[in-house]
Structures are given as C-alpha cells and as structure tokens.
Amino acid sequence: MNFRCVQCGHHIKSLYVQYSPGNIRLMKCQNCGAVADEYIECEIMILLIDLILHKAKAYRHLFYNMFDLKAMNFEALMWKLTFGFLILDAYSGSYPSLALLVWGCGKILLDAFVGNLLFICILLLGTRSLLHMSSEVSKYKNIWLAILASSYLKLFLIAMMVWEFPSSVIFIIDIFVLSSNTLSLNVISESAMSKCFGVCLCAHAVKFFVSLALNIRLANLVTL
C-alpha cells in the first residue's frame, strides 16, 4: 500500500497489471474511480513539464510511485541532493564575479551553510508545530527530500555562470522555488495549502534576510 493515486492521493495496492512484456493495464483508484497513475505510460518530458506547471499529481507520482525507496540508497541520495543544493545556493547570492566566487569559495559555502541550516530548522519546526506531524525521524527525512527535489528550478542558476542575467532573475527563481516547495510539502504532508505556504514562507524569509546580511558583509569586505 505504498503507492498513491496521483489524482486524489488515496493509497493503492498496485498501479498496473502486466499480462506480458509491453502489455499492461493501468489500475483505477477505488476512491475516485480515475486511472491511478497515467504517468506510467508517459515520457519523462511530460512529467517534467507538469512539475514546472506545479501539478500536484506530478509530485505525487515523483514522491510515491516513481522510485522504489526500499531498493535505492535513501541516505546517499539525500546527502548528494543536499550538497548540490548548497553549491547552487552559494552562487545565488548575486556575487560580483565568478572570480570572486572562486576566491571566496570557502567563505561563500560557509555563508550558504548557515543560511540553509536556519532554513532547515525553521522548516522542520514549522512542520511539526503548524502541520501537527509526528516526531519520527523518517517523516522529517521524507520532508527534506521532498524540499530538495522540488528545488530543481535552482538548476537554472547554472546558466547565470555562462550568460549575464539581471539580478531580478534570482528573485524570480526563488519565487518559483517557494511555490514548488509549498506544493511538495502539501503533497507529502497532506495538510492545508495555506499552512504549507506559511511554513515555507517563514523558512525562505529567514534564509533570505540571513543571506542578505552576509552578502552586505561580503561586499564591505571586497571594498576594503
């Protein structure tokens, strides 16, 4: 019963029945009567487009039906995604040049680590208090993995290392990441969207102001 219907989120025993190689029949959800997961027969690009369009059913497929969490190395995946998240966040501070980024790599990563540490603390504390979730460690790991996966839009920051974009692009990407995090938290916790938005907004706001203060200090250091 680990699978979910992408339409309503109801638990389902199996997603399809395979009669022969390449011949399958998609199962229907007993709760809503719709096909439990139509993404099984779709190309990966369809899933990516629906993720960008913030469709809840795409996130349900990604979190519950796409991977076998028992077969994959959950801990290694989480640490790799966390490291990539910190690397991308280190550049999102709108630093004057790539040379400065390389020169101050250690300090910049430390600043990104501090900001994201507060981000994680606010996120998990808000999840526990506002969403009334249990204190199981596995629940918090699932939430953090969902937040990391839904921050995929940060990959667009790589383009800023090649082409020059205005600093407003970083703000637009952060807005998209905030909305994506809210939807993923709503899917993984099955709580009200307003509460999920409040938790994510508080976490992102704390990280933003901490990063802003650290960037000001770095700019003052450069001018000296």
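Guide: Before we start, a contact here means heavy atoms within 4.5 Å. Also keep in mind that this is a predicted model.

Visitor: Good to know! So what share of the contacts with a separation of 6 or more comes from residues 24 or more positions apart?

Guide: For the protein, that share is 57%.

Visitor: And how many helices and strands are there?

Guide: The protein has eight helices and four strands. Reading from the N terminus, the order is β-β-β-β-α-α-α-α-α-α-α-α.

Visitor: Let's look at the strands. How do β3 and β4 pair?

Guide: They pair in the antiparallel sense, over four bridges. Strand β3 covers residues 16–20 and strand β4 covers residues 23–26. Within that pairing, Y16 sits opposite L26 of β4.

Visitor: What about the turn of that hairpin, which residue takes a positive phi?

Guide: That's G22, with phi near 85 degrees; the hairpin has two residues between its strands.

Visitor: Switching topic: where does UniProt put the "transmembrane region" annotation?

Guide: The unreviewed UniProt entry places it at residues 76–93, 113–131, 143–163, 169–189 and 196–216.

Visitor: What does the chain look like over residues 169–189?

Guide: In the model that stretch is 100% helix and 0% strand, with its end C-alpha atoms 30 Å apart.

Visitor: And over 113–131?

Guide: There the chain is 95% helix and 0% strand, and the end C-alpha atoms lie 26 Å apart.

Key. Residues numbered from 1 in each chain as written. Predicted model: local features only at pLDDT ≥ 70, side-chain atom pairs only at ≥ 80, totals over all residues. Heavy atoms only, no water. UniProt positions renumbered as here; feature names shortened; annotations may be inferred. Pairing = 2+ DSSP bridges.
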